[in-house]
Amino acid sequence: MSQNTEFCELDADKLKTLQKILLAALLELDRVCRENDIKYFLGGGTLLGAIRHHGFIPWDDDADVMMLREDYEKFLRVADDALSEKLFLQRPNYNPYTRVRVNGTVFASEFMARFPDIHSGIFLDIFAHDRTAAHPWSQKLHRMVTKVTRSVVFNKWGNTDVKGDGSHPVIRWLVSRIKNVIPMKTAVRMRDRTLVLFQNRNTGYLYDGMGQNMARGAFPESWLDEAVYVEFEGYPLPVPKEYDAYLTWLYGDYMQLPPENQRHPSHDSVKLDFGEYGNIAAGDIKADRVFAPDR
């Protein structure tokens, strides 16, 4: 890693470069999914950007995609061999989701910089949307157990105290006691089994068990039945055909821009190193050629 790796704010030029690298990684993931018949969709703020801005939200500093469980598992089976060797598949660990990271780069928060042995390259997140229960009270219970098991793994791994970040006091109490008495392997198994608890039941509902939107509740599985293609930074990429219903569930009036004081990257201070990709934003490198194999 270069000697220029340091904590910094993401100014406009750095953000442009970061988004170009993220686009290149996203296009490589798209290639792998197309060649292996894996259905995926742009997700979260990346989906919002595709619909509202036809590309990245101008101040966004990450990229998200989502899959149904069967496609997610298929991707994990093929990705190690199919992805460019310039990318690294970071399988679920302290987080329940998968990340594709760019080798030779650094993009780490102050918290993650405490763990130098973990690959901290520029990344895009891959989430599976899993089935949840059919009835509201069962859905609520499923979300609560998911939050508990996720929190146990994360706080046990980081050796951190359970914070009062809006979690229910009962959840904080449970996590505080469980995380110190069960082995990490058991904690991870509990978390992962909770995510797929309803996988073999045709409940008709999904939830964002891996992501940050569990509080939104469940949504109809039919919303992710079919993909359509929209322009994203000049490339056709897949979004749910029912993107309006999904984005309304996620954000409300999603076409309304947030106040100006909220238009900033989600990572205020990061340890950043673009490695060999520092000039990618200059426009002389096609994003779909950066990580793809020679054609």
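What share of the contacts in the chain with a separation of 6 or more comes from residues 24 or more positions apart? In this predicted model, such residues account for 71% of those contacts.

The chain contains seven helices and 12 strands. Its radius of gyration is 19 Å, close to the 19 Å given by the globule rule for 295 residues, so the chain is as compact as a globular protein of that length. Along the principal axes, the C-alpha atoms fill a box of roughly 55 × 45 × 40 Å.

Burial was examined next. Of the 295 residues, 50% count as buried. The accessible surface of the chain comes to about 14900 Å². Carbon and sulfur atoms hold 49% of that surface. Charged side chains number 37 positive and 41 negative. The centres of these two sets lie 8 Å apart.

In soluble globular proteins, nonpolar side chains tend to be buried together. Here, the largest nonpolar core has 73 residues. Those with the most contacts inside this core are L29, L42, F75, V100, I126 and F291. Helix α1, spanning residues 12-35, gives the most to the core, with 12 residues.

Conventions. Residues are numbered from 1 along each chain as its sequence is written. This is a predicted model: local features need pLDDT of at least 70, side-chain atom pairs count only at pLDDT 80 or more; totals for chains, interfaces and linings use all residues. Side-chain values use heavy atoms; hydrogens and water are left out. Helices (H or I, at least four residues) and strands (E, at least two) are DSSP runs, numbered from the N terminus. The radius of gyration is taken over C-alpha atoms; the globule rule is 2.2 Å times the number of residues to the power 0.38. Buried means under 20% relative accessible area, exposed over 50%, partly exposed in between (1.4 Å probe, protein chains only). Contact means heavy atoms within 4.5 Å. Accessible areas come from the Shrake-Rupley method with a 1.4 Å probe; for residues, only the protein chains shown count as cover. Lys and Arg count as positive and Asp and Glu as negative; His and the chain ends are not counted. The place of a charge is taken as NZ of Lys, CZ of Arg, CG of Asp or CD of Glu. A nonpolar core is a set of buried Ala, Val, Leu, Ile, Met, Phe, Trp, Tyr and Cys residues joined through side-chain atoms within 4.5 Å.
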